[in-house]
Amino acid sequence: MIAARALQGFGGGIAQPLGPAQLYRAFPPKEQGAAFGILGIAIVVAPALGPILGGWLVDINLWRAIFFVNVPIGIVGVILGSQFLREFRMDRRPLFDPLGLLTAMIGFGAILYAASIAENFGWGGQFTLLALGLGFVLLAGHILIELRVVKEPMMNLRLFSNPTFLIAALVGYIATIALFGAEFMMPIYLQAFRGQTALGAGLFCWRSRPPRLLPRPPPDGCMTK
């Protein structure tokens with residue numbers, strides 16, 4: 001399961017930056033706004049439906065189906081992409097940046113590992129500090145390599161000297177932390193401390209009730225004492 005999750009993360013890491021680039025090439029300028037709007041709908045709707053569908057599958061003891069939901073979607077995506085995406089060939093291949101790739105992979109991986117073991121060893125623990133130190137040292141080396149050593153860096157860090165790009169990146173970073181932080185922690189909080197079912201946590205305490213024009217108090221399971 002861990003290997004499959006790593007493979008999924010590898011594919012998702014490639015698809016995230018390449019998806020918008022493919023949209024730019026697949027649509028003419030006058031249609032790019034509509035294309036990105038549809039992509040934005042999918043990005044917003046998927047995190048909302050995921051916890052609901054996952055909670056329902058967990059409640060009816062079909063949680064194993066979670067690992068197969070994306071398989072038909074991926075197959076359809078491959079078929080549609082092969083049929084409609086335009087082929088693009090560069091005049092020359094960019095140079096490979098092995099030092100930048102290794103320092104980024106190990107550096108970010110060490111910091112993520114430190115965050116995962118901090119619960120057991122504490123943020124001041126020996127192993128946590130060792131992993132954090134290794135991660136920050138390698139990321140500092142990555143910055144120096146990308147700015148001073150390689151001719152064609154894997155990551156063009158000079159883009160952050162553009163104020164517009166820097167502000168947009170910071171806003172996107174903060175918004176992503178807020179979204180995924182709440183998405184990961186809220187179901188655990190609702191189920192472990194508020195006694196909600198998996199589906200109830202996925203619905204974020206609204207539980208399939210009809211909408212009203214006036215605000216209503218949350219369900220008893222979400223009331224603070």
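User: What share of the chain's contacts with a separation of 6 or more comes from residues 24 or more positions apart?
Analyst: This is a predicted model, where local features need pLDDT of at least 70, side-chain atom pairs count only at pLDDT 80 or more, and totals for chains, interfaces and linings use all residues. Residues are numbered from 1 along each chain as its sequence is written, and side-chain values use heavy atoms, with hydrogens and water left out. Contact means heavy atoms within 4.5 Å. Among contacts in the chain with a separation of 6 or more, residues 24 or more positions apart account for 49%.

User: How many helices and strands does the chain have?
Analyst: Both are DSSP runs, numbered from the N terminus: helices are H or I with at least four residues, strands are E with at least two. Along the sequence the pattern reads α-α-α-α-α-α-α. The count is seven helices and zero strands.

User: What radius of gyration does the chain have?
Analyst: The radius is taken over C-alpha atoms, and the globule rule is 2.2 Å times the number of residues to the power 0.38. For 225 residues, a compact globule would be near 17 Å. The C-alpha atoms fill a box of roughly 60 × 55 × 40 Å along the principal axes. The chain's own radius of gyration is 22 Å.

User: Is Ala-182 buried, partly exposed or exposed?
Analyst: Ala-182 sits in helix α6, residues 163-193. Buried means under 20% relative accessible area, exposed over 50%, and partly exposed in between, with a 1.4 Å probe and protein chains only. Ala-182 has a relative accessible area of 40%, so Ala-182 is partly exposed.

User: Which residues does Ala-182 contact, leaving aside neighbours within four places in sequence?
Analyst: Met-154 is 28 residues from Ala-182 in sequence and 31 Å away in space, C-alpha to C-alpha. With the neighbours within four places set aside, the contacts of Ala-182 are Ile-177 and Pro-187.

User: How many aromatic pairs are there?
Analyst: Rings of Phe, Tyr and Trp (its six-membered ring) pair if their centres lie within 6.5 Å; planes under 30 degrees apart count as stacked, over 60 as edge-to-face and the rest as tilted. By this rule the count is four.

User: What kind of aromatic pair do Phe-121 and Phe-127 form?
Analyst: Phe-121 is partly exposed at 44% relative accessible area, and Phe-127 is partly exposed at 48%. Their centres are 5.3 Å apart, with 55 degrees between the planes. The pair is tilted.

User: What kind of aromatic pair do Phe-160 and Phe-165 form?
Analyst: Phe-160 is partly exposed at 36% relative accessibility. The centres of Phe-160 and Phe-165 are 5.2 Å apart, with 70 degrees between the planes. The pair is edge-to-face.
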